[in-house]
Amino acid sequence: MVWVLRSQYKISRDQLITILENLLNTNIFIFENSDDIAWATHQMKLGNADFSDYLIVRINQQAGCDETASFDVKLGQLSQVKLLGS
């Protein structure tokens, strides 16, 4: 859904954050890992990485991983991310 909103509908980052927050706060939808989605949405407010990258980091944490390896410099700001290739 996030990819479609960004790539096809050209929704801005701020609009996307608002949409995600609104969806999470309704009782119409039930999301798997809603706390993780909320965490990733909050991280979008603080950093520059994409929603999916933040969500992957969070799901990895929940699975017991100490860190997530990534080439994404934008994601490297998180202490849970080991930046590769630098």
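The secondary structure of the protein chain consists of four helices and two strands, where helices (H or I, at least four residues) and strands (E, at least two) are DSSP runs numbered from the N terminus. The model is a predicted one, in which local features need pLDDT of at least 70 and side-chain atom pairs count only at pLDDT 80 or more, whereas totals for chains, interfaces and linings use all residues. Residues are numbered from 1 along each chain as its sequence is written, and side-chain values use heavy atoms, with hydrogens and water left out.

From the N terminus on, the elements follow the order α-α-α-α-β-β. The radius of gyration of the protein chain is 13 Å, close to the 12 Å that the globule rule gives for 86 residues, so the chain is as compact as a globular protein of that length. This radius is taken over C-alpha atoms, and the globule rule is 2.2 Å times the number of residues to the power 0.38. The C-alpha trace spans about 40 × 30 × 20 Å along its principal axes. Of the contacts (heavy atoms within 4.5 Å) between residues at least 6 apart in sequence, 27% join residues at least 24 apart.

The accessible surface of the protein chain is about 5,800 Å², and 52% of this surface belongs to carbon and sulfur atoms. Areas were computed by the Shrake-Rupley method with a 1.4 Å probe; for residues, only the protein chains shown count as cover. Buried residues make up 34% of the 86 residues; buried means under 20% relative accessible area, exposed over 50%, and partly exposed in between (1.4 Å probe, protein chains only).

In soluble globular proteins, nonpolar side chains tend to be buried together. The largest nonpolar core in this model has 18 residues, and those with the most contacts inside it are Leu 16, Met 44, Phe 51, Tyr 54, Leu 75 and Leu 78. Such a core is a set of buried Ala, Val, Leu, Ile, Met, Phe, Trp, Tyr and Cys residues joined through side-chain atoms within 4.5 Å. Tyr 54 is in contact, beyond its neighbours within four places in sequence, with residues including Arg 13, Trp 39, Met 44, Leu 75 and Leu 78. Asp 53, in helix H4, is in contact with Asp 72 and Leu 75 when its neighbours within four places are likewise left aside. Asp 53 and Trp 39 are 14 residues apart in sequence, and their C-alpha atoms are 12 Å apart in space.

Two salt bridges were found in a search of the whole structure, the criterion being a side-chain nitrogen of Lys or Arg within 4 Å of a carboxyl oxygen of Asp or Glu. One joins the side chains of Glu 21 and Lys 45 (2.6 Å, N to O). This pair links distant parts of the chain, with Glu 21 in helix H2 and Lys 45 in helix H3, 24 residues apart. Glu 21 counts as partly exposed because its relative accessibility is 27%, and Lys 45 is partly exposed at 48%. A salt bridge also joins the side chains of Asp 36 and Arg 58 (3.4 Å, N to O). Here Asp 36 in helix H3 and Arg 58 in helix H4 are 22 residues apart. Asp 36 is buried, with a relative accessible area of 8%, whereas Arg 58 is partly exposed at 21%.

Trp 3, Val 4 and Tyr 9 make a nonpolar surface patch of about 390 Å². Patches are made of residues with over 30% relative accessible area and no salt bridge, like charges being joined within 9 Å and nonpolar side chains (Val, Leu, Ile, Met, Phe, Trp, Tyr) within 5 Å. Tyr 9 is located in the loop between helix H1 (2-7) and helix H2 (13-24), and counts as exposed because its relative accessibility is 58%.
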